[in-house]
Amino acid sequence: MSKRNTQLALRIADILTRLNNGETLHLAKLAEQYDVCTRTIRRDIEERLLFLELQRDTNNGGYRLSPEMLGRFDSNSIERYSGLAGIKGLFPALDKSMLNTIFRPSGQHNFLVHGHKYIDDDMHSVNFPRLQRAIDEQRIVGFRYRRKDEQRHYTVEPYKLINYNGIWYLAARHAEKIKHFTLSKIATLECTFERFSADENLRQNIKKEESVWASEEKFEVVLKVSADVAEYFERRQLLNEQVIEKKMADGSLIISTQISHKTEITPVVRYWIPYLKIIAPQSLQNELAQEIKTWLDE
């Protein structure tokens, strides 16, 4: 998470905690305490915390939580929501239903976010909340899934919605194994009434996985980063297990990363074209170049 988002998360967490404890908060005082402008605090209160339906004191302009909401949020739920406050656009549906899962006292929720949030994806806002509900209610789902030039039908037990580097996946059990399905490739989703018993060990293993392909053997990819964007890669790790191997005289960088599948790196390279180039393995760069050439020739 960037420094800006970290500061936002800490501020939101503190505001939520204070409201949850029954305090009445004022914009000017909050702005002074957090060293931000009143407009920023107003956005926190009136946009990011809109779901709280805060009461406004007409006499002194303060904001407070309604009596029936006091003490409802525990420390885990506050931490989870504050961490999401700065990345609302990442979610297809950050609505009341999703917020209910965030503030669930059990601490169990149906999504995970891994990696940096800078790759846009065509997320299915209709399927996302339906899958959330299916995971919550432990209901079996069926769908058609696009793989290259063919579509296959799958019937699965849904466990988690996971975001890896900006792309959403459904982690589901199929044929006794956990598989990851790209949400944008799922069509004709059918949520059945048939229930399944979730395996807690599988659920914990999903949480521990660092990538969709965590179970596969890793290999090294070496890239050259143009001097025009080098500062972004120096400032924070934009790749999993990123290592800056060398800084060239012209300001460009040679960086390496460990991946288990090409799909972990090709979307990143496409996003940064023409500023990123795969040096090794050369076959991966050739494959990507051919893909782009084919697209341009169409």
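In this predicted model, K246 stands opposite I254 of strand β11. The pair belongs to two strands that run antiparallel: β10, residues 243-247, and β11, residues 253-259. Four bridges join β10 to β11. The two strands form a hairpin, with five residues between them. G251 takes a positive phi in this hairpin, near 95°.

Helix α3 spans residues 38-48. Four of its residues, T40, I41, D44 and I45, are buried. These residues cover an arc of only 130° around the axis, so they lie on the same side of α3. The other side of the helix carries R39 and E47, which are exposed.

A further helix, α9, covers residues 266-272. W272 lies in this helix. Is W272 buried or exposed? Its relative accessibility is 12%. Buried means under 20%, so W272 counts as buried. S226 is 46 residues away from W272 along the chain.

The chain as a whole holds ten helices and twelve strands. It has 298 residues, and 45% of them count as buried. The chain exposes about 16,700 Å². Carbon and sulfur atoms supply 47% of that area. How much of the contact pattern joins residues at least 24 apart? Among contacts between residues at least 6 apart in sequence, the share is 62%.

The mean pLDDT of the chain is 79. A value of 70 or more is reached by 76% of the residues. Over residues 87-91, the pLDDT is below 50. Beyond near neighbours in sequence, this stretch has 16 contacts in the model. The pLDDT is also below 50 over residues 116-123. That stretch has 24 contacts beyond near neighbours in sequence.

Note on methods:
Residues are numbered from 1 along each chain as its sequence is written. This is a predicted model: local features need pLDDT of at least 70, side-chain atom pairs count only at pLDDT 80 or more; totals for chains, interfaces and linings use all residues. Side-chain values use heavy atoms; hydrogens and water are left out. Buried means under 20% relative accessible area, exposed over 50%, partly exposed in between (1.4 Å probe, protein chains only). The arc is that of the directions from the helix axis to the C-beta atoms. Two strands pair if DSSP finds at least two bridges between them. Contact means heavy atoms within 4.5 Å. Accessible areas come from the Shrake-Rupley method with a 1.4 Å probe; for residues, only the protein chains shown count as cover. pLDDT is the predictor's confidence in each residue, from 0 to 100.
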